[in-house]
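This report covers an annotated site and the overall build of a single model. The sequence and structure come next.

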Amino acid sequence: MTRGEGDAGSGVPLTARAPRRRIPYRTAARKTRMYPLLFRLILKRLDPERAHHLAFALIRLAARVPGLRALVAAVAAPSRAQTRALATEAFGLRMRGPFGLAAGFDKNAVGIDGLTMLGFDHVEIGTVTAHPQSGNPAPRLFRLVADRALVNRMGFNNDGSAAVAARLAGRRAVFPATVGVNIGKTKITPEGEAAGDYALSASRLAPYADYLVVNVSSPNTPGLRNLQATEHLRPLLAAVRSAADDAVPGRRVPLLVKIAPDLADEDVDAVADLAVELGLDGIIATNTTIARDGLGLATDRAEIEAVGAGGLSGEPLKDRSLAVLRRLYARVGDRVTLVGVGGVRTADDVWERILAGATLVQGYSAFVYEGPLWCRRVHRGLAARLAAGPYATLAEAVGADTRKVTSR
């Protein structure tokens, strides 16, 4: 379901809109400085999962109040000039830009309008499983503030694909949004029955998804990462593709797979080759890492050990995630759309991922540390880099640096 390119909160084309009210620089700067103070004095002192629920509730509340959501969008969402400059097409979908929110923040499709209000060009919900599950015991979300990182062992806590599908079916969008749906395996489903579990979710959710993502890379569901092996992944992806096609006969729902940064290089190559073989629409690189050594963590070792197991995300993941992305692009080129995620915080990070081969870029952990104006800063910086560079469009920039390296 390709979305139009109207401004946030309206179906009216950009060219027909009255000029957006500009926020004075000093006012915007003060707002930018407010969040770090709020984080340091209040949010940092709360349990991370509780802080997430509180912040997300406020975002959803703002999106339900017409005047307030218009004001927030005016401050946070990209400007019309940025939208024109950064317009992006991926797997046949037109988006106002390349920068989206990764899966994990909105697991149950309850806040899509609020997140689009804040400027995300696409929102990936989930991970959603075939059956509802409560996830792992708390505490299960931790901050490594010194590293601007998170560790989570949430365990796919979600309402289940039937409930999420019903929510998406009843959604009345306030803001135009590109919505990806990330699906995973129910914890109690045996590994040998995983394909049917994923297919059931796909059949329920495909009618409401702009694209589907098969998540086989979370470290928090036992045995899940085994499904990244091509002998398991091939029949699983085939089953999801068939289920999506049967559920939506009039539209080919783009299908992507999300992989871990901990794969060996030869396994990254194998997934890339399989994606080309099966005609997948995209690969998301990467999920969280189980590694702790070799990341240059600034957090005290005792604190890291006290946190325990879980997937680490945020800035320490940047180098490996970028390396996987470059390897994938060198392998698949333009035959498969790549989505870069992992350690993305600044406009420079987004620009680097695009030059490495990503058509779309996602963030998540930095949202916790950067606050509600994060998207605005990323869009502003990205538009400036595009204007200063040799590329007329973002599409021309995709993979430019990786092509230079591989052509030597």
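## Annotated site

Ser218 counts as buried because its relative accessibility is 7% (buried: under 20% relative accessible area, exposed: over 50%, partly exposed in between, with a 1.4 Å probe and protein chains only). The model is predicted: local features need pLDDT of at least 70 and side-chain atom pairs count only at pLDDT 80 or more, while totals for chains, interfaces and linings use all residues. Residues are numbered from 1 along each chain as its sequence is written, and side-chain values use heavy atoms, without hydrogens and water.

In UniProt, an unreviewed entry lists Ser218 under "active site"; such annotations may be inferred rather than shown by experiment. Ser218 sits in the loop between β8 (211-215) and α8 (230-247). Apart from neighbours within four places in sequence, Ser218 is in contact (heavy atoms within 4.5 Å) with Phe156, Leu224, Arg225 and Asn287.

## Fold and dimensions

The protein chain holds 16 helices and 13 strands, taken as DSSP runs numbered from the N terminus (helices H or I, at least four residues; strands E, at least two). Its radius of gyration, over C-alpha atoms, is 20 Å, close to the 22 Å from the globule rule (2.2 Å times the number of residues to the power 0.38) for 408 residues, so the chain is as compact as a globular protein of that length.

Buried residues account for 56% of the 408 residues. Of the contacts between residues at least 6 apart in sequence, 75% join residues at least 24 apart.
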